[in-house]
Amino acid sequence: MRGLRRFGYQPRDDGGGDVRSRLAPPFPAPVSRLWAAAGLGRFTGEGGARLVGWAGPLLVTLMAGLMRFWNLGSPKAVIFDETYYAKDAWGLIHRGYEVNWPKNANDLILAKNGHIPIPHDASYVVHPPVGKYVIGIGETLFGFNPFGWRFMTALLGTLCVLMVCRIGRRIFRSTLLGCLAGALLAVDGLAFVMSRTSLLDSVLVFFVVAAFGCLVVDRDRAREKLAAALPVDEHGLARPDADIADRLRLGWRPWRLLAGLCAGLAAATKWNGIIYVAAFAVLTVLWDVGSRRVAGARQPYLSVLKRDLLPAFLSTVPVAIVTYLVSWLGWILSPDDGTGGYFRNWAVTAGKGSGWSWLLPDWWRSLWHYEHEVWLFNTNLHSPHTYQSNPWSWIVDGRPVSYFYESPPAGSQGCPADTAGKCAREVLALGTPLLWWAACFAIVFALWRWFFRRDWRAGAILCGIAAGYLPWFHYQERTIFYFYAVVFAPFLCLALAMMLGAIIGKPGSGERRRVVGAAGAGVLVLLIAWNFIYFWPIYTGTAIPYSAWQSRMWLDSWI
């Protein structure tokens, strides 16, 4: 342990102080002088902290929402995989299952503003239905057109910014760092483009972040219950108590149930959400171990095994499974006579007389067969694609995906009339380069904080990154794309905000240290914001001269 100190290792301090401040650290109150200068002197202490804790995130969210909804219907085209999910959503809303569309359906939809007949023939799809139901809500509200099928992803992308602000504020106990994390997500090019495109991954991100946020709130509530149950000494300080820490039951935990629901919705959007179900279930158990250890438990793992493990499991895994099954209700209720969903009639045709037919209902066996076929498809997809990439390159923006590209001549589609030659219009799913490159260092910093400082916040952020990133290394030969990385982009922003907080310095640091740190962190944030603005035209499909587009292709692999 002495040898590790040179790398920043700090042994756990179990003595002295009020245990309540370790179990449930308070949120810092606004500086009274600044508050009075702003004419808000009556809002001090907890009230002021609550006001700032909502005002800041809402302002950041407003900024993110304005950017995401600006000219959302442009390009007026079916871009990239919108050709699947926008039409699948429309069929799912109206038929209860996805349908086969004619080859010229995209042109007809755009020409007639979506007023075309809906086919009846079932289509074979390889993703669960929740994400398409969500997209279909926007189509129902605003029509079967580009704005309609992008509305919900833009809305959820905006709400993700709000959730990251609030999650960051809660785990860092700093409204500044929380808003900073949300602002970074607001100006991340990949998250921005995905919020303006009708793909399932944006819906997946929303439910993953929501599940994580619910668990963070649950952690705070559970620790507050432990802190309130501990004995207080003559000085009014709470002290560890082994009996209470070992035996106390934490009772009803609705936030963890809500986390299980959100995790189930994530899995019912895309299958890689299942990884988050498992990762978050383990994470919440480890948080309970840490809570009981701080409260004074002699054997915290044994205490959690007796008191918390079963409730944690029941609150997450079964809830997620039931949620997943319910999401297929439209397909389950469709007829099994060949006119319903794809494979809906398998159990009464090709699967008739199987060994489990006497025990399991037909819809269950048909669904199981369908899922098995989807598993084989997803794990054996090796069709070459122009924009496929290896996960090793994702973290450094190695191979982004072009969703849309046109070369309008001068004087048309927004191309300036005085342009020499043609313009370029592109929607490129590219993370803001300076943000992602800085996030590489933030991951190393988080690893250091977690391993040497045993910082639970770093561990939680790394869990979110690992669950969304590491599984893809098992499928390096499969056809996979960089935009899959959007699911862990919010956790990269949290890691970067944590590193920027360390650069700024602790509140107790000297004035010179804080000024220099704040200046350095501010310069990095401004450079990231400038980088996003610089790439704005290729995030939004804005027509720019070809030379201007070419100057933005920093790497050959981006073309």
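Biologist: Before we start, what counts as a cavity here?

Modeller: A cavity is a set of grid points where a 1.4 Å probe fits but cannot get out. Keep in mind that this is a predicted model.

Biologist: Thanks! How many cavities of 30 Å³ or more are there?

Modeller: The count comes to five. The largest cavity has a volume of about 90 Å³.

Biologist: Which residues line the largest cavity?

Modeller: Among them are Arg68, Gly157, Cys160, Val161, Leu185, Met194, Ser202 and Pro490. The elements that give two or more residues to this lining are α7 (146-172), α9 (189-195) and α10 (200-229).

Biologist: And how do the residues of that lining divide into nonpolar, polar and charged?

Modeller: Eight are nonpolar, three are polar and one is charged.

Biologist: Tell me about α4, then. How many residues does α4 have, and how far does it reach?

Modeller: There are 14 residues in α4, and from the first C-alpha to the last the helix reaches 19 Å. That is close to the 20 Å expected at 1.5 Å a residue.

Biologist: Is α4 mostly covered or mostly uncovered?

Modeller: Mostly covered, as 10 of the 14 residues in α4 are buried. The buried ones include Glu82, Lys87 and Asp88, along with Tyr85, Trp90 and Leu92.

Biologist: New topic! How many disulfides does a search of the whole structure find?

Modeller: The search finds one. Cys415 and Cys423 form that disulfide, with their sulfur atoms 2.0 Å apart.

Biologist: Remind me what a disulfide is?

Modeller: A disulfide is a covalent bond between the sulfur atoms of two cysteines.

Biologist: Why is the disulfide of Cys415 and Cys423 called right-handed?

Modeller: Because the torsion about the S-S bond of Cys415 and Cys423 is about 75 degrees. Both Cys415 and Cys423 are buried, too.

Biologist: Are Cys214 and Cys262 buried or exposed?

Modeller: Cys214 is buried, with a relative accessible area of 6%. Cys262 also counts as buried, at 10% relative accessibility. The cut-off for buried is under 20%.

Biologist: Where is Phe483 found?

Modeller: Phe483 is in the loop between α19 (456-469) and α20 (489-504). Phe483 counts as buried, because its relative accessibility is 3%. Phe483 and Val161 are 322 residues apart in sequence and 18 Å apart in space, C-alpha to C-alpha.

Biologist: Last one: what feature does UniProt place at residues 364-558?

Modeller: The UniProt record, an unreviewed entry, gives "domain: Protein O-mannosyl-transferase C-terminal four TM" there. In the model, residues 364-558 are 52% helix and 8% strand, and the end C-alpha atoms of that span lie 45 Å apart.

Conventions. Residues are numbered from 1 along each chain as its sequence is written. This is a predicted model: local features need pLDDT of at least 70, side-chain atom pairs count only at pLDDT 80 or more; totals for chains, interfaces and linings use all residues. Side-chain values use heavy atoms; hydrogens and water are left out. On a 1 Å grid over the protein atoms alone, a cavity is a set of points where a 1.4 Å probe fits but cannot get out, and a pocket is an open set with protein on both sides within 12 Å along at least five of seven lines; lining residues have an atom within 4 Å of a point. Grid points are joined across faces, edges and corners, and a volume is the space filled by probe spheres set on the points. Helices (H or I, at least four residues) and strands (E, at least two) are DSSP runs, numbered from the N terminus. Ala, Val, Leu, Ile, Met, Phe, Trp, Tyr, Cys and Pro count as nonpolar, Asp, Glu, Lys and Arg as charged, and the others, Gly among them, as polar. A disulfide is a pair of cysteine sulfur atoms within 2.5 Å. Buried means under 20% relative accessible area, exposed over 50%, partly exposed in between (1.4 Å probe, protein chains only). UniProt positions are given in the numbering used here, feature names are shortened, and annotations may be inferred rather than shown by experiment. The expected span of a helix is 1.5 Å times one less than its number of residues.
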